Amino acid sequence: MISQVFILSSKGDRLIYKDFRGDAGSDVVNVFYEKVTALTGDQPPVVMRHKQAHYVHVRQGGLYLVAITTADSSPFAVIEFLNRFAALVKDYCGGLSEKSVQMNFALIYELLDEMVDYGYVQSTSSDVLKNFIQTEAVSPQPFSLFDLGNVGLFGADTQQSKVAPSSAATRPIQGGKSEIFVDVVERMAVVIGTNGVLMKADVQGEVKVKCFLPSCSEIRIGLNEDLSVGTSQFRGYGTAVRVDECSFHPAVRLEEFDSHRILRLSPSQGEQSIMQYQLADHLPSALPFRLFPAIEKDSSGRLLMYLKLRCDLPPKSAAVNVSATIRVPKGCVSLSQELSSPDQNAELRSQSRAVLWKILRFPGGTQLSALFKLEVPALSSASMMEVGPVGLSFELPKVTATGLHIRFLRLSPVQPGPAQRWVRYVTHSDSYTIRI
Amino acid sequence: MQEWANQLCENRQFGSKMTDSKYFTTTKKGEIFELKAELNSDKKEKKKEAVKKVIASMTVGKDVSALFPDVVNCMQTDNLELKKLVYLYLMNYAKSQPDMAIMAVNTFVKDCEDPNPLIRALAVRTMGCIRVDKITEYLCEPLRKCLKDEDPYVRKTAAVCVAKLHDINAQLVEDQGFLDTLKDLISDSNPMVVANAVAALSEIAESHPNSNLLDLNPQTINKLLTALNECTEWGQIFILDCLANYTPRDDRESQSICERVTPRLSHANSAVVLSAVKVLMKFMEMLPKDLDYYGTLLKKLAPPLVTLLSAEPELQYVALRNINLIVQRRPEILKHEMKVFFVKYNDPIYVKLEKLDIMIRLASQANIAQVLAELKEYATEVDVDFVRKAVRAIGRCAIKVEQSAERCVSTLLDLIQTKVNYVVQEAIVVIKDIFRKYPNKYESVIATLCENLDSLDEPEARAAMIWIVGEYAERIDNADELLESFLEGFHDESTQVQLQLLTAIVKLFLKKPTETQELVQQVLSLATQDSDNPDLRDRGYIYWRLLSTDPVAAKEVVLAEKPLISEETDLIEPTLLEELICHIGTLASVYHKPPSAFVEGSRGVQHKRLPGSAGSGESVESPDANTAAVASEVPPAVIPSQGDLLGDLLNLDLTPTSTTGPPPASSGMQMGAMDLLGGGLDSLMGDESEPLPVPQRTDTPQSPQPPHQSPSPPDYCSTELGGDLGGSPAIASGLGAPPVAVPPSFTAPVSGGLDDLFDLGGGVGLPAGSYVPSKTVWLPAMKAKGLEISGTFGRRAGVIQMEMTLTNKAMSVMTDFAIQFNRNSFGLAPAGPLQVLTPVSPNQSIEVVLPLNTVGPVMKMEPLNNLQVAVKNNIDVFYFSCQYPISMLFLEDGKMERQVFLATWKDIPNDNELQFQLKDCHFNSDVASSKLQGSNIFTIAKRTVEGQDMLYQSMKLTNGIWVLAELRVQAGNPNHMVSLKCRAPEVSQCVFLSYEAVLKN
């Protein structure tokens, strides 16, 4: 049961405040802000407690979305609710920011009233909610595709938000052009051992649909026909596309999934994650990156790191925003570097004991190398143990690690006029660790 | 240019529609006044904008309650948007303006009749949120109508409204019969209505723990399961949480519910998944482990839990806290999923720490190599907390998986080589534990450890290192130097280190007495004379005393073999774990605390328990788990305070059969400072020893003896009792020893006169057999779903028996009986399983005899002879309590020697004597004596004084407590006096009751 919900700006100003049950007191907002700003990095921020009130919050778009509960309710439900709430605000107001919330507070109150009654979540589906909502949304600014310059691929910088961004379109779901986006977003978690052996490789993927087609009653999405699900079910030989498990949005109808790998759904306006899947270990293709390190102590007591990094993507593809974080011993005072090409750079971050090597674009089938010389006073054999691991972060546009593809995207009834259909793929590094 | 464009844009917006953000501008003077005017404007659009402004002010915390009447005036409108805004305002301020709120009632009532269902629902929803007592009476009629509304949207809103109203005025809701209507809604055709009705009923039921509001029976469960498939994800959560409170009748029902809940595991909403996991974990308890389905279910539980770990870190953390519980309860679910708990370098630290914890719990021989490789990597990371925990984890692996111990130790040594301060300290702390687990195996590493002595600055690490030095003092050449170096700053150390240092030096002394006398003197005087810490001082004195009295014994005590440490550490206590499993997916599972610890009021304070297992071979459950449940049904069992427990312990220790007989009395009091470390040392040090300097003690400890020594000096110069009986001074002569602990060599001469008196000993007449009370009903059938238990206790041929009649008054056959006792005063426990070999058919009674022993756990009960029993059958677990006659605990060898009796009687302080009057009992002393002897109450002597027969009797309880009695029988008088003397006078009352029962029988 949710007792109160509020949205705070990053400075702690109340933007939305709604008390559903009147049992949690009134100074909760200030208490929350004090608590959340006093958190240190190692404290789990998930549930905070003050007297009888338990604060659950998520942070999105620079805002705190907070729910308070006084009973022993489910934190999963509350977090899920807050995430849906954020998504709905985005869908209805065309973005989640201090400004958009301020401009649309009446709409958001109305939404909240329909979503939650006396602390019980009633519905978070935009299809259901739109029947009840009277207030019209106000956009902060006219929508423009050209506003995306400052954000990374598909809307956000991968390393800042763990939620893989999926959609370029940010605007209210009411009105606008008829467009549909289908995004396949995958996140890779890889660990490569000291001897170069792959120790672990996980892929978590998601198919998201963002729909702005008011007249569309059904879409059919065809996945790879040879897609197999589960470990036991191999179809034929060779490199069939496989996932270990998958789960679907409740609105997805699966009549044709078993026979033809077709997902059918009546899309809601706005964004939905329609399918989530995972694959552990057995990846169908080679890993995107290999690292060949050589580390030694030179005669003058410096630490030499010679790193060769190879990108094993197909030659037509390229990785972007690649950065390697190489852990170095404590007490490093300076770094000198020799890099193999000009579009790379490297720097020493003494605070986090790491060298950060950045490569903006890294085409498939090529290899880069770097020589780092580090000045470490009192370099001992024990401090050699502190070198590594190397963490890589990157984006692979137009690539899926599992090989999952959208075969077709059909809309019915056939859309009048120029309905635009976009299918996009991206693979992010979730955690790509190479041990030295 | 840009500016111009912005302006244009803004102007355009003003023209068409005003944005809300301007409402947040700062307060100006007279703002309220302006708003008032706007609210009363004729133009609808202007009114709406004004209400929006009011709400904006309300949001930022400004007081706009003064506008209440003006806003309420806007309520009557056809514009739904405006109406919603006004209602929003009303909900917030109605409480501060209760009189004004009444003004709005009419509109509400009217709106509840509106043809538009949206408006009807809106009205009923808002009315419930106006928490004003006065308004509630007006709410009843509209609510009643809305509960039966044709539109499901209205009905589901009305269902929630009942819960709202119940919170304001519970009595009203009951009187108006809304609860019954709500129950009817569980059968509604619309799943959303069902879900809300379930949610509302669950909440109301929580505030009435004993009411049977949510009458969960197979029919309702079936309805809920049907609605589960159709309603929204949020409704599914309500229904699953409600299902979790149900206890299925048998494993078949349990399985069928599990089968219908399992599909929820693949839901995209993690809250649904966790609620489903909770239901399954609970109902699984009822499934027999050999069932195929049990295995299938185990397999199905793993993937959804793994999937949760791909969510955002916040959800991951919550999931990991839950998985931690699940892994402790059923490790088999995730035993093959070790890899998913490996730490990613960009996990937040709180996720990393939780993952580590689970990795250790899952570590086994099969995966230990992999785990260790990971842990080694983690131990060189940057984050200090994480590294510490990783190092500690390596140690835990060594303890848990014996095969890996060697590899773990060498890994730890590698880490110590890094000389990173906190790594070294953690490593030493865990190596100490490894030494405890595998003694005499890895001592070769001690040298390496000693090298790092200087770098240790944390108390725990210092204490661990000192422990190692002390434990292996004989192998470390310079152990004395090492320990001496710590001694310099003794008073600056923490208590932990001080205690450890004291013990270590005493160990060293016992191992190498010649070289370390000075050191031990020094530490003993530091601990006893210069320290304010009572623990330290006491331990110092104990060692001092031990060393001075009996160095050999000291060696045995201090260097005794230590019990091995257990494999698993940090386990949650089983009772708490069971309760937490019932709260999977809730805050309790994140805090790892029961809800009663953090939820105020009645809500959530009911302790939930897992259902009993169906496996017939398994025990019902741990007796601890029953305590809470039993306590609610039987007269309150008072948990003894610390003092009581201590008292009991002291009494229990008085056993004369004790093998470690008390030390000679002379060693207690008189032993002053002079012979400290004196004589006894010779045996340790051989002949060459020179007398030690005697430490100068100013404050002689008052009573340093162990508690089992006689507290009073043995001074029996004139024994009154003895004098009365025969005036023999010889009796007193042998009584130097503690009274109940009779030296076997006791051979004091007894004068002839006494012999005559005491010759009765053999017994008067024939033993009449132990007294067995008639059976009484312990557990009425009404309370136990048809099972009636009546029974009694008896002692037959030296065996305590519980004799029961089990009667089946239900309609179905009962099988799978099992029994368990809660802890009790005398440690009674079943000596074997309950032997009910055949199923008991309806209306059948069977007799069962359960032999008991007295080796169970002991806890003082109130009354003393209270026994709490749990009986399980295929239907449920039932609890009852009964009282046993204490006479069944009287041992056959309870006949005290005459002399001992006299001495004991004298020795027990008069305060411990209790007198009771036996009324309306007709017997003479011979009959009484014979009857009592049948129940192991032995007559030792008889005396006749002025027509009164005095019987002196003794009896001994199973825990070694002796009870002495004097029974005065006056011929022709039905009233008799019983005086009871016992070192534990608590038992006297019970003993008297036994007298009464035996003699009146």
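**Reading pairs, burial and the A–B interface**

Biologist: The side chains of Arg249(B) and Glu253(B) meet in a salt bridge, at 3.0 Å from N to O. What counts as a salt bridge here?

Modeller: Side chains of opposite charge can pair when their charged atoms come close. The rule asks for a side-chain nitrogen of Lys or Arg within 4 Å of a carboxyl oxygen of Asp or Glu. The Arg249(B)–Glu253(B) pair meets that rule at 3.0 Å. Some ground rules: this is a predicted model, in which local features need pLDDT of at least 70 and side-chain atom pairs count only at pLDDT 80 or more, while totals for chains, interfaces and linings use all residues. Residues are numbered from 1 along each chain as its sequence is written, chains are lettered from A and ligands numbered from 1 in the order in which they are written, and side-chain values use heavy atoms, with hydrogens and water left out.

Biologist: Is Arg249(B) buried or exposed, and is Glu253(B) buried or exposed?

Modeller: Burial is read from relative accessible area with a 1.4 Å probe, on protein chains only: under 20% is buried, over 50% is exposed, and in between is partly exposed. Arg249(B) counts as exposed because its relative accessibility is 52%. Glu253(B), at 9%, is buried.

Biologist: What do the labels H and E stand for?

Modeller: They are DSSP runs numbered from the N terminus: helices (H or I) need at least four residues and strands (E) at least two. Chain A comes to seven helices and 25 strands. As a further case, Arg435(A) and Glu377(B) meet in a salt bridge at 3.7 Å, N to O. Arg435(A) lies in the segment after E25 of chain A and Glu377(B) in helix H20 (residues 368–378) of chain B, so the pair joins two chains. Both residues are buried.

Biologist: Which residues of chain A are linked in a network of salt bridges?

Modeller: The network links Glu218(A), Arg220(A), Arg253(A), Glu255(A), Glu256(A) and Arg264(A).

Biologist: How many residues does each chain bring to the contact, and what is the area buried between them?

Modeller: Contact means heavy atoms within 4.5 Å. By that rule the contact takes 90 residues from chain B and 88 residues from chain A. Buried area is the accessible area (1.4 Å probe) that two parts lose on being put together, summed over both. Here the value is about 7,900 Å², of which carbon and sulfur atoms give 57%.

Biologist: How are aromatic pairs read?

Modeller: Rings of Phe, Tyr and Trp (its six-membered ring) pair if their centres lie within 6.5 Å; planes under 30 degrees apart are stacked, over 60 edge-to-face, and the rest tilted. A search of the whole structure finds 32 such pairs over all chains. Tyr33(A) and Tyr64(A) are edge-to-face, 6.3 Å centre to centre with 80° between the planes. Tyr33(A) is in helix H1 (residues 28–38) and Tyr64(A) in strand E5 (residues 63–69), so the pair ties together parts of chain A that are 31 residues apart in sequence. Tyr33(A) is partly exposed at 22%, whereas Tyr64(A) is buried at 7%. Phe181(A) and Trp422(A) are stacked, at 6.2 Å and 15°. Phe181(A) lies in strand E8 (residues 179–192) and Trp422(A) in strand E25 (residues 420–434), so this pair ties together parts of chain A 241 residues apart in sequence. Phe181(A) is buried at 5%, and Trp422(A) is partly exposed at 35%.

Biologist: Which residues form one aromatic cluster with Tyr33(A) and Tyr64(A)?

Modeller: Phe6(A), Tyr17(A), Phe32(A) and Tyr55(A) form one aromatic cluster with them.
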